[in-house]
Amino acid sequence: MTTSAPENTREPAATSEVDAVVLGAGVAGLYQLHQLREQGLRVRAFDAAGDVGGTWWWNRYPGARFDSEGYIYQYLFDESLYKDWSWSQKFPGQPEIERWMHYVTDRLGLREDIQFNTRITVANYDEDRGRWLVHTDQGDIVDTQFFISCAGMLSAPLKNIRGTDDFRGELVFSSSYPAEGLELAGKRVGVVGIGATGIQIIQSIAGEAGHLTVFARTPQYTLPMKNPTYSEEDQQAYKARFEELRETIPHTFTGFEYDFEHAWADCTPEQREAILEEIYQDGSLKLWLAGFGEMFFSEEVSEVISEFVRGKMRERLRHDPHLVDTLVPTDYGFGTHRVPLENGYLEVYHRDDVDLVNVRNNPIAQITATGIELEDGTHHELDVIILATGFDAGTGALTRIDIRGRDGRSLADEWGRDIRTTMGLAKYGYPNLLTTAVPLAPSAALCNMTTCLQQQTEWITNAVKDLRAEGKTTIEPTAEGEDAWVEHHEEVASATIVPRTTSWYLGSNVPGKPRRLLSYIGGVGTYRQKCDEEAAAGYPAFTRR
Ligand code: NAP
């Protein structure tokens, strides 16, 4: 966004006035809207999507599904809202998830306060009035006291390949896959990207496409998912655990129902192997998030666990040298970036109608009128191209909006130089801008999203309530408070081996983006405690007027 900051005096008149604008109608936005309304605030939510769902509205590509268990992805603030919904599987697919989000919206009666097909483009803080003027691409100008971002950490798609407009076949990004689907039968289909998204697409369309070519750059650790269908009895069983889940999930390391249960030092090599095998067989993310926490701190432990996973992958790839070289990571540790669950993904590459192209040392040069050309001039003729090339995570959703805080400072410029926040909840220089799923909180990556988004929206709701109760109108982090949080974040991050791996976790997939581990890695439970302590102490890291 290149628009320069308008003088506040030159702002056109507002078309409406509210107490809070909520950006986004996904998991965070819906709950934030509900909570602020309950507090009596006039709230308007905006979403560029055509309906509720956030990431689950946009990402409707073939095979999109949870790899958090459905029953822990639900909101835990309302027992009957929880229990009146039943999942058909342990890891449900996107259509069912979207239906659940509609169910929540309708139960809470939220729709009337959400404006869809509307993108927020500009937000200017007026220091004299202590209010934001929020502009949309539909011509709205909303005068609001609070501007709350629930834009999601993975909502700004990365478009980094030349020539997308030249292609004469069908080209889609995974994050805007057509709702009606694409006709792939008999077609030559190319998929670029083997992250969590690409994997789900590849395993779903292999066999449906006439021929599938996968363009793979960085190898990716994967774990097989076990996804049982739920009987009514199974549903009753997890619902009966509601209280237990509500007690445990918010306090675990990653907001899942399980936690690191084993100490590496206390086990013999045989015991470690047996534990790894047992949790691998669970078919969930347990091997990553409930095995040995030492994996994140010790290269030695990481290497043993990484080799365990590599062994499983090599076996499934039948030790085929090309497949193993292209798909099995060797130069970074298991779990140092997002581990996807998959269903028969690796086996896809044994099919005769699937080709795997390694573009690590021979990158994609461009998309042409008829296919994909590599740097050495090799050309792959294609009818359909699906780009699953990832996102400008954590910051992209907000830096694509022209957000101006005190003195006209630009959030895009500031985050373009250095990514700093106060607990991922606010930013110095931007009073009454409150944020979820932005960097320096676990919700920027390392969390079961609903767990963290509930916690952050609840914290914001309470911060607004406290402010109003004291007759104050603005809340903004202090420079010192922000410095202290950034320092703490760095200290925690640098104690782990996670920042040694190049991935979107560090912003390294976006050229020029400042490097910083986006997610706070001190643990979801610890983060929650620190947020609670901040509020209980009267918000010492903030100025409240
Ligand atoms: P991603 O993990 O960033 O993967 C993007 C893929 O595209 C990588 O393989 C990347 O290769 C490749 N790529 C990007 N630009 C390329 C280029 N110019 N040439 C060749 N390859 C290129 O993105 P994602 O798969 O969309 O996943 C993002 C996150 O979304 C996940 O980590 C996860 O947190 C979330 N997600 C969750 C679920 C779920 O809950 N079930 C499903 C999907 C996604 P390099 O690695 O070499 O850059």
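In this predicted model, strand β1 (residues 16–23) and strand β2 (residues 43–46) run parallel and are joined by 4 bridges. Strands count as paired if DSSP finds at least two bridges between them. Leucine 23 has phenylalanine 46 in β2 as its bridge partner. Helix α1 (residues 27–38) carries the chain from β1 to β2, in a right-handed β-α-β crossover. Right-handed means that, with the strands pointing away from the viewer, the path from the first strand over the helix to the second runs clockwise. Helices (H or I, at least four residues) and strands (E, at least two) are DSSP runs, numbered from the N terminus. Strand β3 (residues 114–115) pairs with β2 in the parallel sense over 2 bridges. Here alanine 45 is partnered by isoleucine 114 in β3.

Local features need pLDDT of at least 70, and side-chain atom pairs count only at pLDDT 80 or more, whereas totals for chains, interfaces and linings use all residues. Residues are numbered from 1 along each chain as its sequence is written, and side-chain values use heavy atoms, without hydrogens or water.

The whole structure holds 37 salt bridges, each a side-chain nitrogen of Lys or Arg within 4 Å of a carboxyl oxygen of Asp or Glu. Aspartate 113 pairs with arginine 37 in one of them, with the closest N and O atoms 2.7 Å apart. The two residues lie 76 residues apart, aspartate 113 in the loop between α5 (94–108) and β3, arginine 37 in helix α1. Aspartate 113 is buried at 16% relative accessibility; arginine 37 is partly exposed at 23%. Buried means under 20% relative accessible area, exposed over 50%, and partly exposed in between (1.4 Å probe, protein chains only).
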